[in-house]
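Colleague: I have a chain open and would like to go through it with you. Can you take my questions as they come?

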Amino acid sequence: MRIVSGMRPTGKLHLGHYFGVLKNWIDLQENNRCFFFIADWHALTNKYKETESLKENIKEMIIDWLSVGLDPEKNVLFIQSQVKQHSELALLFSMITPKSWLELNPSYKDLKFNLYYQYLRDFFLGKNVKVLQTPPIKKVDEALEEATGKQKNKIYDEYLRELFFRAFYNKRGIDFKGLKENLMKLGLSKKIVEEAIKNLETGDIGKDIDTLGFLSYPVLQAADILIYKADAVPIGEDQLPHLELTREIARRFNNLYGKTFPEPKHILTEEAKLLGIDGRKMSKSYNNAIYLSDNSKEVEQKVLMMKTDPNRIKRTDKGNPDVCIVFSYHKLFTDKNTVENINVECRKAGIGCVECKKLLADSINKFLEPIREKREEVKKDIEKYINVFKEGCKTASIEAEKTMEEVRDNMKLWKF
Ligand code: SF4
């Protein structure tokens, strides 16, 4: 099968990336023709102001990819911006893609929603607004009666989110009028609501993604995939709507100009099993990640900071590995017998958390050791490995050009 997938170069990669994406690619490379690309144009869609780190991030990604075992002999590894045909196809696709397909794209809406929601929440909290004095929904009313302090805030938070969500998704674009009405139902004063909405309508919130590039990035994504006539794309469940858009664009193109593109299927990848050391999703912005490039000391320190079973306070307390992040890591990194042993001993306080964490740090370091060795090798000879990607770009360009010739012919475009 032909497989296409890319990754945005936004910084060094962590274990979450490894188990969420790279491990899957490494499996796929054995029996498929894979095109894996560093999506540097996509990194610009919302980070267009931060180009000074882009080249470094690309280099870092080259090192990360090669050190985990992506094999340039088995795959075409390349950098998106060096295969200009992607942009030509994206431009042609943009001619046939209705604007509404993009405006209704869930990730575009979700991102806007989160930015706006965050703003409103901070605005009301900043104004010290007491809300939900007259909650219109019975359930919320009852919940509030029983709630105290922080719980009240949480209910308010969820309720605001729910109302905002409804207003936001009622119509195409952002329904400021509906939002205002819903906020008023919260018992907020008209003056404050009007001020908040005015700020949203006229302020800078979300302006960074109010660009043509951000709105149309699914079109570029469709070009990235279809230009290699991919049979399948490995994606997480949240990416399914994007791939559907790619399929719709392929269908529309085929209907207009004759059969040119296949409709790629998805290969559903499992959700990354790894949480960050604080129990939230592993992410650079939460500062809770273990990086592929971390040395053994850094790994040890991070593992010692990991959250454990919150009910196990003293060494003599019996623990529950099922709710412990450390244990979830053990299941991935540690040998079966040791995992079984921890599972039994933790429950009868036979092992302490510090000892358990030391075992885990050893396991992670054992896993990372060959990756570190390969990193050193790649870093020492980085120019050679950059050239590997340059060769990949040439191979990708040849493939992409073949498709583009067909596209231009089928569209009956000018040819000398
Ligand atoms: S002993 Fe290990 S599995 Fe049990 S609570 Fe402590 S860290 Fe978690």
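Colleague: What is the mean pLDDT of the chain?

Modeller: The mean is 86, and 83% of the residues reach 70 or more; pLDDT is the predictor's confidence in each residue, from 0 to 100. Residues 130-138 have pLDDT below 50, yet beyond near neighbours in sequence this stretch has 20 contacts in the model (contact means heavy atoms within 4.5 Å). Where pLDDT is low, the predicted coordinates should not be read in detail.

Colleague: How many helices and strands?

Modeller: There are 18 helices and 5 strands, taken as DSSP runs numbered from the N terminus (helices H or I, at least four residues; strands E, at least two).

Colleague: Which way do β1 and β2 run, parallel or antiparallel?

Modeller: Strands β1 (residues 2-7) and β2 (residues 33-38) run parallel, joined by 6 bridges; two strands pair if DSSP finds at least two bridges between them. The chain gets from β1 to β2 through helix α1 (residues 15-28), in a right-handed β-α-β crossover. Right-handed means that, with the strands pointing away from the viewer, the path from the first strand over the helix to the second runs clockwise.

Colleague: New topic. Is His 330 buried or exposed?

Modeller: His 330 is buried, at 0% relative accessible area. Buried means under 20%, exposed over 50% and partly exposed in between (1.4 Å probe, protein chains only). His 330 sits in helix α15 (residues 325-333), and leaving aside neighbours within four places in sequence, its contacts include Val 339, Ile 342 and Cys 356.

Colleague: What is phi at Lys 229?

Modeller: Phi of Lys 229 is positive, near 50°, and Lys 229 lies in the loop between α12 (217-226) and β4 (232-235). Ala 349 also has a positive phi, about 60°, and is in the loop between α16 (336-347) and α17 (353-380). Most residues other than glycine have a negative phi.

Key:
Residues are numbered from 1 along each chain as its sequence is written. This is a predicted model: local features need pLDDT of at least 70, side-chain atom pairs count only at pLDDT 80 or more; totals for chains, interfaces and linings use all residues. Side-chain values use heavy atoms; hydrogens and water are left out.
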